Amino acid sequence: MVKIEFLGPISQEPLKIEASSLEDVAKTLQDIEEISNWLDKCAVAVNDEMTNDLSTKLKDGDRVSILPPVCGG
Amino acid sequence: MELYQGSLDVKEIFGRWLDEESSSNYGAYIPFVGTIRAEDGIEALSFDIYEPILQSWFDSWVGRAKSKGAKVKMAHAIGDVPIHTSSYISAVFSPKRRVALELIDEFVEDFKANAPIWKYDVIDGRRVYAEDRSTPMSGSGILGKKGDK
């Protein structure tokens, strides 16, 4: 199982899903109405490392973070 | 990197940073202060931070500054920060001014674009995500439908 966390303003509890790559995560999240609208503008981290590669492989226990648009300062 | 609940004590932090580097032989110390402005009826801004990725973002800037003989420091607030107080300060130290002037510009701009911090307006005690002022981080959108092959 892979844990998916939603950061900042996305009001969604963490999910645990079966996924072997970020492509699997994308397919799952695109089918969830409350989340799908966020995806085009969100960045992704795997185990706290930023990635922009959809083919990134995932293994059991990995943690995927979904980061919506930011504005510090 | 320093994180605080609520407004920053700007004078204490800048004074301490100055003391920390007093014998480091830097010729330039350029501070930046971000202050919450009163606009659109807000009483405060509020911030969420994801610390693990903020720390690695900051560490990469420490390395970038070090390669130029410089040093970066920053402090940010978590939670509510009332208007006319500070939520963010940063500084660059360098042997000569030119490096510090350029670094503070790049550092603060990249901070705005890529530090994992989320801002909310506080109006009548309620937090409203400042979506219109927020920027998608580098690499955003890979999970969206346009990312499909």
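The largest nonpolar core has 59 residues, and those touching the most other members are A:Val25, A:Cys42, A:Val44, B:Val92, B:Leu103, B:Ile117 and B:Leu143. A nonpolar core here is a set of buried Ala, Val, Leu, Ile, Met, Phe, Trp, Tyr and Cys residues joined through C-beta atoms within 7 Å. A residue is buried if 20 or more other C-beta atoms lie within 10 Å of its own, exposed if 12 or fewer, and partly exposed in between, with C-beta atoms placed from the backbone. The model is predicted: local features need pLDDT of at least 70 and side-chain atom pairs count only at pLDDT 80 or more, while totals for chains, interfaces and linings use all residues. Residues are numbered from 1 along each chain as its sequence is written, and chains are lettered from A and ligands numbered from 1 in the order in which they are written.

Leaving aside neighbours within four places in sequence, A:Val44 is in contact with A:Leu22, A:Thr51, A:Val64 and A:Ile66 in chain A, and with B:Ile142 and B:Leu143 in chain B. Two residues are in contact if their C-beta atoms, placed from the backbone, lie within 7 Å. By this criterion, 34 residues of chain B are in contact with 25 residues of chain A. On the chain B side, the elements that give two or more residues are α2 (51-66), β5 (86-94), α3 (97-114) and β6 (117-123). Such elements are DSSP runs numbered from the N terminus, with helices (H or I) of at least four residues and strands (E) of at least two. The residues on this side of chain B comprise 15 nonpolar, 12 polar and 7 charged; Ala, Val, Leu, Ile, Met, Phe, Trp, Tyr, Cys and Pro count as nonpolar, Asp, Glu, Lys and Arg as charged, and the others, Gly among them, as polar.

Turning to chain A, its 2 helices and 5 strands follow the order β-β-α-α-β-β-β from the N terminus on. An open sheet of 5 strands is arranged as β2-β1-β5-β3-β4, with mixed pairing. Two strands pair if DSSP finds at least two bridges between them. At the edges of the sheet are β2 (15-17) and β4 (49-51) of chain A, each pairing on one side only. From one strand to the next, the twist averages 30°, where axes are lines fitted to C-alpha atoms (for helices over the stretch in contact) and angles run from 0 to 180 degrees between N-to-C directions. Strands β1 (residues 2-6) and β5 (residues 63-67) of chain A pair in the parallel sense over 4 bridges, and A:Lys3 has A:Arg63 as its bridge partner in β5(A).

The overall dimensions of chain A can be set beside a simple rule. A compact globule of 73 residues would have a radius of gyration near 11 Å, and chain A agrees, with 11 Å; the radius is taken over C-alpha atoms, and the globule rule is 2.2 Å times the number of residues to the power 0.38. The C-alpha trace of chain A spans about 35 × 25 × 20 Å along its principal axes. Of the 73 residues of chain A, 37% count as buried.

Chain B has 3 helices and 7 strands, running β-α-β-β-α-β-β-α-β-β from the N terminus on. Its C-alpha atoms fill a box of roughly 50 × 45 × 25 Å along the principal axes, and buried residues make up 34% of its 149 residues. Among contacts in chain B between residues at least 6 apart in sequence, 75% join residues at least 24 apart.

Strand β3 (residues 44-49) of chain B has 5 of its 6 residues buried, so this strand is largely enclosed by the rest of the structure. β3(B) pairs in the antiparallel sense with β4 (residues 71-82) of chain B over 4 bridges, where B:Ser46 has B:Asp80 as its bridge partner. β3(B) also pairs with β6(B), in the antiparallel sense over 6 bridges. Here B:Asp48 is the bridge partner of B:Trp118, and B:Ala44 stands opposite B:Val122.

From β6(B), 4 bridges lead on to the antiparallel strand β7 (residues 126-129) of chain B, with B:Arg127 as the partner of B:Val122. The hairpin of β6(B) and β7(B) has 2 residues between the strands, and B:Asp124 takes a positive phi near 50° in this hairpin.

Finally, B:Lys71 lies in strand β4 of chain B and counts as buried because 20 C-beta neighbours lie inside 10 Å. Not counting residues up to four places away in sequence, B:Lys71 touches B:Ala65 and B:Phe93. B:Lys71 and B:Val92 are 21 residues apart along the chain, with their C-alpha atoms separated by 5.6 Å.
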